[in-house]
Amino acid sequence: MAENRTYRLGDLQLRIMRVLWRCGAASVAEVREGLEGEPLAYTTVATMLRKMEERGLLRHREQGRRFIYEPTVSAEEVTRSMADDLVERLFEGSLAATVSHLLRTRDVSPTELERLERLIQKRKRHA
């Protein structure tokens with residue numbers, strides 16, 4: 001698996017990756033079935049899988065006449081990369097500005113605030 005690469009996935013690409021992370025490996029038809037939202041044409045999914053493979057996000061193996069696709073990057077790698085990219089581009093690398101923005105613009109439950117406080121305390125102990 002690649003390290004320190006920047007992954008910028010569009011909505012459909014991310015939806016496809018979620019299906020593959022969940023399944024481990026899947027054919028075009030299985031990916032299409034696993035996608036949430038409005039149904040897409042088989043050819044649309046096949047084309048997107050091929051493009052994603054060219055980008056190194058996936059690989060395939062042949063099983064009879066079918067291609068079985070599997071991810072070559074983990075959900076954690078993509079999440080880290082996309083979150084880091086967002087923080088860098090929108091908040092000039094400031095984690096405090098990112099968190100401040102999220103706390104101002106989203107409904108945050110008391111349970112979630114407690115969880116955030118525990119994460120901050122844990123980080124302080126290990127800093």
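Mentor: Helices (H or I, at least four residues) and strands (E, at least two) are DSSP runs, numbered from the N terminus. This is a predicted model, where local features need pLDDT of at least 70, side-chain atom pairs count only at pLDDT 80 or more, and totals for chains, interfaces and linings use all residues. Residues are numbered from 1 along each chain as its sequence is written, and side-chain values use heavy atoms, leaving out hydrogens and water.

Trainee: Where does S81 sit?

Mentor: S81 belongs to helix 4, residues 75-91.

Trainee: Why is S81 called buried?

Mentor: Buried means under 20% relative accessible area, exposed over 50%, and partly exposed in between, with a 1.4 Å probe and protein chains only. S81 has 3%, so it counts as buried.

Trainee: Which residues is S81 in contact with, leaving aside its neighbours within four places in sequence?

Mentor: Those are R5, T6 and Y7, where contact means heavy atoms within 4.5 Å. The S81 side chain also comes to 3.2 Å from the backbone oxygen of R5.

Trainee: Now the sheet: what makes strand 2 and strand 3 a pair?

Mentor: Two strands pair if DSSP finds at least two bridges between them. Strand 2 and strand 3 (residues 66-71) are joined by six bridges, so they qualify, and they run antiparallel. R59 stands opposite E70 in strand 3.

Trainee: In what order do the three strands form the open sheet?

Mentor: The order is 1-3-2, with antiparallel pairing.

Trainee: And what makes strand 1 and strand 2 edge strands?

Mentor: Strand 1 (26-27) and strand 2 (58-63) each pair on one side only.

Note on methods:
Polar contact = N/O pair within 3.5 Å; in protein donor to acceptor, adjacent residues only side chain to side chain.
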